[in-house]
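Reader: I'm new to reading protein models. Could you show me how the words used for them are tied to cut-offs?

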Amino acid sequence: MSDTGGVREVKSAARTVDLLELLAARGDRPARLQELADELGVPRSSMYALLRTLIERGWVRTDVTGSLYGIGIHALLTGTSYLDSDPRVRLVRPYLDEASQALGETIHLGRLDGRGVAYLATRESHEYLRTISRVGRRLPAHVGALGKALLAERDDAELPEGPYEALTPNSHTGRESLAADLADVRARGYAIDREEGVLGIVGFGFALRYDSPAQDAISCSVPVARLTPEHEARIVTVMREVRGRIEAAAPGGAGGEPHWR
């Protein structure tokens, strides 16, 4: 049993969170009782009792046969509350609109979450619409412009040993190549993701330094087919300006807003 800050972990709470995270990670692939029990190393009877409790509370859903399980609607309601109540998200949203209108491209806000980046807000390009919104989803930090912009704000000693997951043939899979890329990010002042997370898409990421080290970043995603040298230069100019305006407007935890960690 692990300890956190001198407080012993509550096993039942940890098991509940592990189950919800597992169901969320499966996306549109519902799971059977035995699969969940095996994956989490929990007795089948205990897993069934936990599932029934969470179904009653709306955190887990089941099909008409009662044999398949997926994440429930209360996970969405809680996630929406997180976005609505977060002062940083409220601050940044209008600037995402401005950047999207100025550039005609897709603009993201993301937050570092362990070894990944969670997407908190997106303004889609009218030229290139995704079939699935990225908001509420998570991407490994080493493959995207958002993540690399945030990793570059930290010491390379914090980078995990490889190999890293490859989402495309262009993804970094080794610590050494990622560290070299992050050195370029620091020198340049922003990150570039050239088809590392999604083939056909280039991203430009800018850390928001209203926290130290930065926890949030904004990015602009562009289809390769539309990325000319002139357009790239304009993207960098606009996104740098937007970053500066966001940082200047950030209260830094003042004004009665809690400073979350």
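Reader: Why is D113 called partly exposed?
Author: Buried means under 20% relative accessible area, exposed means over 50%, and partly exposed is in between (1.4 Å probe, protein chains only). D113 has 38% relative accessibility, so D113 counts as partly exposed. The model is predicted: local features need pLDDT of at least 70, side-chain atom pairs count only at pLDDT 80 or more, and totals for chains, interfaces and linings use all residues. Residues are numbered from 1 along each chain as its sequence is written, and side-chain values use heavy atoms, leaving out hydrogens and water.

Reader: What makes R138 and D113 a salt bridge?
Author: The term asks for a side-chain nitrogen of Lys or Arg within 4 Å of a carboxyl oxygen of Asp or Glu. For R138 and D113 the N to O distance is 2.9 Å, a salt bridge. R138 is in strand β8 (residues 138-140) and D113 in strand β6, so the pair ties together parts 25 residues apart in sequence.

Reader: How do you know that T106 is buried?
Author: T106 has a relative accessible area of 1%, so T106 is buried. T106 belongs to strand β6 (residues 106-113).

Reader: What makes R123 and D97 a salt bridge?
Author: Their closest N and O atoms are 2.4 Å apart, and that pairing is a salt bridge. R123 sits in strand β7 (residues 116-123) and D97 in helix α5 (residues 87-103), 26 residues apart.

Reader: And why is R123 called partly exposed?
Author: R123 has a relative accessible area of 21%, so R123 is partly exposed.

Conventions:
Helix = DSSP H or I, 4+ residues; strand = E, 2+ residues; numbered from the N terminus.
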